Amino acid sequence: MQDLPNIFLIGPMGAGKSTIGRLLAAELSRTFHDSDHAIQDRCGADIPWIFDVEGEPGFRQRETQMIDELTRLSGVVVATGGGAVLREENRRALRERGTVVYLMTTVEQQLKRTAKDRNRPLLQCADREQVLNDMFATRDPLYRATSDITVRTDRRSPRAVVNEILRRVHRLVDPLEATGITQTKVSS
């Protein structure tokens, strides 16, 4: 079997990128990175503070720098922030440097999973559902265009999602092995 490429997880907030990324990295004995956490560690400040001080454009610039760094590493699983696909340079880095998995979820699931989370600046508003619907309309086509694989996460355990990702990534890397067909050398 061929070595698996880096795996980059994209998708909306609340899709399970961090949870699934940690499990996937453990399964593959790889290092896991969460781009949002890496930005916070580097800045020494949380994302809401960065948004307050620098605005979304300042945060997006930091995000682009971090995605460039993380995607250049070898043997990693990286979970990106939900808005990482908004910049073409991020989409290009992700596509060119690994296998991109879109973790897809519904707005209903996002509302449930982010209900008590105060660390999401874009959801600090009166109509969270409308904001999530608007983000989905803008970002879903970008997630689809960037990804190699799309996996639904609604009403599924993280372990089931990880198993599907592994199966599908193996199929991309070595289609014959995924079907159980092995190549044998023929001696002449």
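**Reading a predicted fold**

Biologist: Which residues have the most contacts inside the largest nonpolar core?

Modeller: The most contacts inside this core belong to Phe8, Ile10, Phe59 and Leu94, and the core has 21 residues. Two or more residues come from each of strand E1 (7-10), helix H2 (35-43), helix H3 (47-71), strand E3 (76-79) and strand E4 (99-104). H3 gives the largest share, 7 residues. The general idea is simple. In soluble globular proteins, nonpolar side chains tend to be buried together. A nonpolar core here is a set of buried Ala, Val, Leu, Ile, Met, Phe, Trp, Tyr and Cys residues joined through side-chain atoms within 4.5 Å. Buried means under 20% relative accessible area, exposed over 50%, and partly exposed in between (1.4 Å probe, protein chains only).

Biologist: What should I know about the model itself?

Modeller: It is a predicted model, where local features need pLDDT of at least 70 and side-chain atom pairs count only at pLDDT 80 or more, while totals for chains, interfaces and linings use all residues. Side-chain values use heavy atoms, with hydrogens and water left out, and residues are numbered from 1 along each chain as its sequence is written.

Biologist: Which residues does leucine 94 touch?

Modeller: Start with contact: heavy atoms within 4.5 Å. Leucine 94 touches Phe8, Ile10, Ile67, Thr71, Thr80, Val100 and Thr146, leaving aside residues up to four places away in sequence. Another core, of 20 residues, lies apart from the largest one. Its members include Phe32, Ala79, Ile165 and Leu166.

Biologist: How many helices and strands are in the protein chain?

Modeller: The protein chain has 8 helices and 5 strands. Both are DSSP runs numbered from the N terminus: helices are H or I with at least four residues, strands are E with at least two. Read from the N terminus, the order is β-α-β-α-α-β-α-β-α-α-β-α-α.

Biologist: How many of the 188 residues count as buried, as a percentage?

Modeller: Of the 188 residues in the protein chain, 45% count as buried. Take contacts between residues at least 6 apart in sequence: 73% of them join residues at least 24 apart.

Biologist: At what angle do helix H4 and helix H6 pack?

Modeller: Two packed helices are described by the angle between their axes and the distance between the axes. Helix H4 (residues 88-97) packs on helix H6 (residues 128-146) at about 30°, and their axes are 10 Å apart. H4 and H6 are therefore roughly parallel to each other. On the H4 side, Arg91, Leu94 and Arg95 make the contact; on the H6 side, Leu142, Ala145 and Thr146 do. Axes are lines fitted to C-alpha atoms, for helices over the stretch in contact, and angles run from 0 to 180 degrees between N-to-C directions. Under 35 degrees counts as roughly parallel, over 145 as roughly antiparallel, 65 to 115 as roughly perpendicular, and the rest as oblique.

Biologist: At what angle do H2 and H3 pack?

Modeller: H2 and H3 pack at about 115°, with axes 9 Å apart. That makes H2 roughly perpendicular to H3. H2 brings Ser35, Asp36, Ala38, Ile39, Gln40, Arg42 and Cys43 to the contact. H3 brings Ile47, Ile50, Phe59, Arg62, Glu63, Met66, Ile67, Glu69 and Leu70.

Biologist: Next, backbone angles. What is the phi of serine 29?

Modeller: Serine 29 has a positive phi of about 55°, although it is not a glycine. Serine 29 sits in the loop between helix H1 (17-28) and strand E2 (31-34). Its relative accessibility is 69%, so serine 29 counts as exposed.

Biologist: And where is arginine 155 found?

Modeller: Arginine 155 is in the loop between strand E5 (149-152) and helix H7 (158-173). Its phi is positive too, near 50°, in a residue other than glycine. With a relative accessible area of 73%, arginine 155 is exposed.

Biologist: How many residues apart along the chain are alanine 160 and isoleucine 20?

Modeller: They are 140 residues apart along the chain, yet their C-alpha atoms are separated by 9.6 Å. Alanine 160 lies in helix H7. At 31% relative accessibility, alanine 160 is partly exposed.

Biologist: Which residues does glycine 16 touch?

Modeller: Glycine 16 touches Gly21, Leu103 and Arg113, not counting residues up to four places away in sequence. Find glycine 16 in the loop between E1 and H1. Glycine 16 is partly exposed, at 23% relative accessibility. From glycine 16 to threonine 153 is 137 residues in sequence but 7.4 Å in space, C-alpha to C-alpha.
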